[in-house]
Amino acid sequence: MARAVGVSRTLVSFAFRGTPGVSEETKRAILEAAKRLGYRPNAVAADLASKRSSAVGLYLLDLRNEVYVDIFSGVREALGQGRNRLILSVSHSTSGVDESSVGSLIEARVGIIIAATLVDTDPEIQELARSVALVNVARRVDGVDSVYSDDWGGARAATEHLLALGHTRIAHVTGPRNESHEVRWRAYEATMRHAGLAPRVIFADDYTQAAAEQAAVSLLRGPNRPSAVFAHNDELALGIREAAWKRGLTVPGDLSLVGYDNSRLSRLHGIDLTSVDLRALELGRAAGAAALERLANPEAPVVDRRLDSRLIVRSSTAPL
């Protein structure tokens, strides 16, 4: 490649990295020759030479949930067309710690991991952050770069919305009991108790539509069934909606329903789900920016960025 343009290998490297000092004419000649010859710079070799990894690892909990697709898109936007390679790893489990998926990124020698969403405990995440630079997405962990939305405020707004509509028998359906996902159901419980009402939390086996449908079978049976349900995420809300339909119940006529995430599915005509927007695309952008800042300055102060959540009211909720 260097021989084809008549310049040194170092100058070729500088041109691809965008290092100052390379004239626009020389840079253009190098890039045009690279395109003509099908040349691609060896990023791994460049990292080894600089003794510093530019690769960004992205861990996603579940690609079946569109929230994680939005986070991925936001991260990719933030990284742009720079020299930082993005290496993706997806968990094999949405209900437990998946060490192999995170471990694969460490084995790939990434410079930093953006993790959305680790189900490990806070001490486990803090221990991981001591071995590799880490940006934790969708949850705040002390001492670790964290980008997250206001889950407490979002869950409280969802519950208060149902209370304002006159509902008193309000249930909350969430996934397996886990420290990493307890904020929303804790906020629901606190809001119900503040209103003088008894909370009712149902723990499904997973955070999926199928798990919610199974959990809702007993919830929606009998005279004491709730008049409204607030679900941990839109996937769970859709599972509850399916279970209600199978029992001949209508939404919102017989059951008001609120989800969380404001996913694309929640906005579809015919579903029109009231949902809390956690702003997944913006979370991804903020996490990508935080990762680039950490790579550029490893000694910078810990990032702690919280985005406001917001309730989007649609037709799946109605007065009692």
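Arg-186 and Glu-189 sit 3 residues apart in helix α9, so about one helical turn separates them. Helices here are DSSP runs of H or I with at least four residues, strands are runs of E with at least two, and both are numbered from the N terminus. The model is a predicted one, so local features need pLDDT of at least 70 and side-chain atom pairs count only at pLDDT 80 or more, while totals for chains, interfaces and linings use all residues. Residues are numbered from 1 along each chain as its sequence is written, and side-chain values use heavy atoms, with hydrogens and water left out.

The side chains of Arg-186 and Glu-189 meet in a salt bridge, with 3.7 Å from N to O. The term stands for a side-chain nitrogen of Lys or Arg within 4 Å of a carboxyl oxygen of Asp or Glu. Side chains of opposite charge can pair when their charged atoms come close. Arg-186 is partly exposed, at 37% relative accessible area, whereas Glu-189 is buried, at 13%. For these labels, buried means under 20% relative accessible area, exposed means over 50%, and partly exposed is in between (1.4 Å probe, protein chains only).

Lys-246 counts as exposed, with 54% relative accessibility. Another salt bridge is formed by Asp-277 and Arg-310, whose closest N and O atoms are 3.3 Å apart. This pair also links distant parts of the chain, with Asp-277 in strand β10 (residues 274-277) and Arg-310 in strand β12 (residues 310-312), 33 residues apart. Asp-277 is buried, at 10% relative accessible area, while Arg-310 comes out as partly exposed, at 40%.

Next comes the sheet. Strands of a sheet pair through backbone hydrogen bonds, either parallel or antiparallel. In this model, an open sheet of 6 strands runs in the order β2-β1-β3-β4-β5-β11, with parallel pairing. Its edge strands, β2 (86-90) and β11 (304-307), each pair on one side only. On average, neighbouring strands of this sheet are turned by 15° against each other, direction ignored. (Two strands pair if DSSP finds at least two bridges between them; axes are lines fitted to C-alpha atoms, for helices over the stretch in contact, and angles run from 0 to 180 degrees between N-to-C directions.) Within the sheet, β3 (residues 112-116) and β4 (residues 133-137) are joined in the parallel sense over 4 bridges, and Ile-114 has Val-135 in β4 as its bridge partner. Val-110, in the loop between α6 (99-107) and β3, is buried at 9% relative accessible area. Val-110 and Ser-54 are 56 residues apart in sequence, yet their C-alpha atoms are 7.0 Å apart in space.

Most residues other than glycine have a negative phi, and most peptide bonds are trans. A cis peptide bond joins Ala-116 and Thr-117, with omega about 5°, and Thr-117 is placed in the loop between β3 and α7 (122-129). The bond from Val-251 to Pro-252 is cis as well, with omega near 10°. Arg-279 has a positive phi near 65°; this residue lies in the loop between β10 and α12 (280-296) and counts as buried, at 17% relative accessibility. Ala-138 has a positive phi of about 80°, although it is not a glycine. Ala-138 is found in the loop between β4 and β5.

Ala-138 turns up again in a pocket. The second largest pocket has a volume of about 630 Å³. Of its 34 lining residues, Ala-138, Asp-151, Ser-180, His-181 and Arg-184 are the closest to its centre. On a 1 Å grid over the protein atoms alone, a pocket is an open set of points where a 1.4 Å probe fits, with protein on both sides within 12 Å along at least five of seven lines, and lining residues have an atom within 4 Å of a point. Grid points are joined across faces, edges and corners, and the volume is the space filled by probe spheres set on the points.
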